Amino acid sequence: MNKRRPNPKQVPDPDEPLWRSTLRVAMPLNLSYIPIGLACGILLHAAGFNTLLTGLVSLLIFSGGAQFLIATMLTINSPLLSIVLMLFFLELRYALLSSSLSPYLKGQSNRFLFIFAVSLNDENYAINYLKFATDKKWTGKEALMVEHYSLLFWAVSNVIGSLIGSALKIDLGVVNFALTALFLYMIVMQIKNRLTIVICLISGVFAALCMMLTKSTLGLVISTIIASLIGFFLETTLKKHLPDSHWLWKLRSPGAKKSVVENTEDN
Amino acid sequence: MNWNSTQHFWLIILGFFVAFIPRFFPLMLFTKREIPEWFNEWMKFVPVALFTALVVKDIFIDSESYQFIFSKYSEMIAAVIVVVVAYRTRSMAISVIIGLISVFLLSMVIA
């Protein structure tokens, strides 16, 4: 591993077995799942999930945001319907991710698409999208392997987190902030022009208002629909009437090298 | 509502379906035909709107009374730090870890 460091863009060894070359692609993601998976497992344990169920939820739902959301909503005793509805809206964004991968998976069987969809999530999407777009030899098979590696690391980290949670007393207020931080990170990754920042502000105001009025997390659902529709109409109108508007200017970001991976989420 | 493991299990199963449907059906549909443009344009704003709403809930809304609160100073400051770190590093792990460390340190200072 360390030997590769000085020259990471080395020509890949043609004899390298597939499992190892795909693991190398997936490794940065796998490593970043460890701390987040641990935090998520600790929170799920505090919310009352036993270790077995924590493993199951990581395998079946496999989404950091969704699992954190389950944990917080369980600790505030939300009703089942409200949690499932929130999950639905949280997971709706995958419609976008899977639509944008579809051109690369034409001709695959429905069975393959099923297995691929089950283990798709934000982060392995970002990797696979970039690989599909840049590497002609990248096929569904390799992409699925990357998904499974990340799924494995995620589930194991969650289970270990659940065990840590049952062994130690941990300040939940602090661990809970992992979720807020994760969402903030995802917001920053989504911001690509000034208009997006305006939508953030609109969404924030509506979210506070709707939650105060409905006195439940249903307010989140309502404000998400309103704010995303406002964004959709604002952008359509701006593009039509003022295509040069500075609200549509792209924002540049430092860390440009790595951002190539994450920016693909915008497409 | 008090939860037991059986109910947790059903929550996971229902959660699986709501997580699976938006991942699978677009994939199945759009590997066979084209994506409608308006759908893409609209869906583009869903994540950003939802994540902001969730952050507002975590920082500015009381989890029991659903009233607006402006007292979680350590979370507010830590949130600004996370945004700056995320913008500069673009790394999920670093952002989350720095966020956790700063909220921990700030809550000791501000209390």
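Positions taken from UniProt are given here in the numbering of this structure, and such annotations may be inferred rather than shown by experiment. With that caution, the unreviewed UniProt entry lists "transmembrane region" for residues 33-62, 68-90, 146-164, 170-188, 195-214 and 220-238 of chain A. The structure in which these stretches can be examined is a predicted model. Over residues 220-238 of chain A, the chain is 100% helix and 0% strand, with 26 Å between the end C-alpha atoms.

Chain A is divided into domain 1, covering residues 18-190, and domain 2, covering residues 193-250. The C-alpha centres of these two domains of chain A lie 26 Å apart, and the contact between them takes eight residues from domain 1 and eight residues from domain 2. On the side of domain 1 of chain A that touches domain 2, helix H4 (80-91) and helix H9 (172-190) of chain A each supply at least two residues, and the largest share, four residues, comes from H4(A). When the residues on this side of domain 1 of chain A are sorted by class, five are nonpolar and three are polar, while no charged residues are found.

The contact between the two chains takes 85 residues from chain A and 69 residues from chain B. Helix H9(A), which also takes part in the contact between the domains of chain A, gives the largest share of the side of chain A that touches chain B, namely 14 residues. By class, this side of chain A has 54 nonpolar, 24 polar and seven charged residues.

H9(A) packs with helix H3 (residues 46-60) of chain B at an angle of about 150°, and the axes of the two helices are 9 Å apart. Because angles over 145 degrees count as roughly antiparallel, H9(A) is roughly antiparallel to H3(B). The crossing of H9(A) and H3(B) is left-handed. From H9(A), the residues A:Leu179, A:Thr180, A:Phe183, A:Leu184, A:Met186, A:Ile187 and A:Gln190 meet B:Pro47, B:Val48, B:Phe51, B:Thr52, B:Leu54, B:Val55, B:Asp58 and B:Ile59 in H3(B). In terms of class, the contact of H9(A) with H3(B) has 11 nonpolar, three polar and one charged residues.

Conventions. Residues are numbered from 1 along each chain as its sequence is written. Chains are lettered from A and ligands numbered from 1 in the order in which they are written. This is a predicted model: local features need pLDDT of at least 70, side-chain atom pairs count only at pLDDT 80 or more; totals for chains, interfaces and linings use all residues. Domain bounds come from an automatic or database domain assignment. Two residues are in contact if their C-beta atoms, placed from the backbone, lie within 7 Å. Ala, Val, Leu, Ile, Met, Phe, Trp, Tyr, Cys and Pro count as nonpolar, Asp, Glu, Lys and Arg as charged, and the others, Gly among them, as polar. Axes are lines fitted to C-alpha atoms, for helices over the stretch in contact, and angles run from 0 to 180 degrees between N-to-C directions. Angles under 35 degrees count as roughly parallel, over 145 as roughly antiparallel, 65 to 115 as roughly perpendicular and the rest as oblique. A crossing is left-handed if the near helix is turned anticlockwise from the far one by less than a right angle, and right-handed if clockwise.
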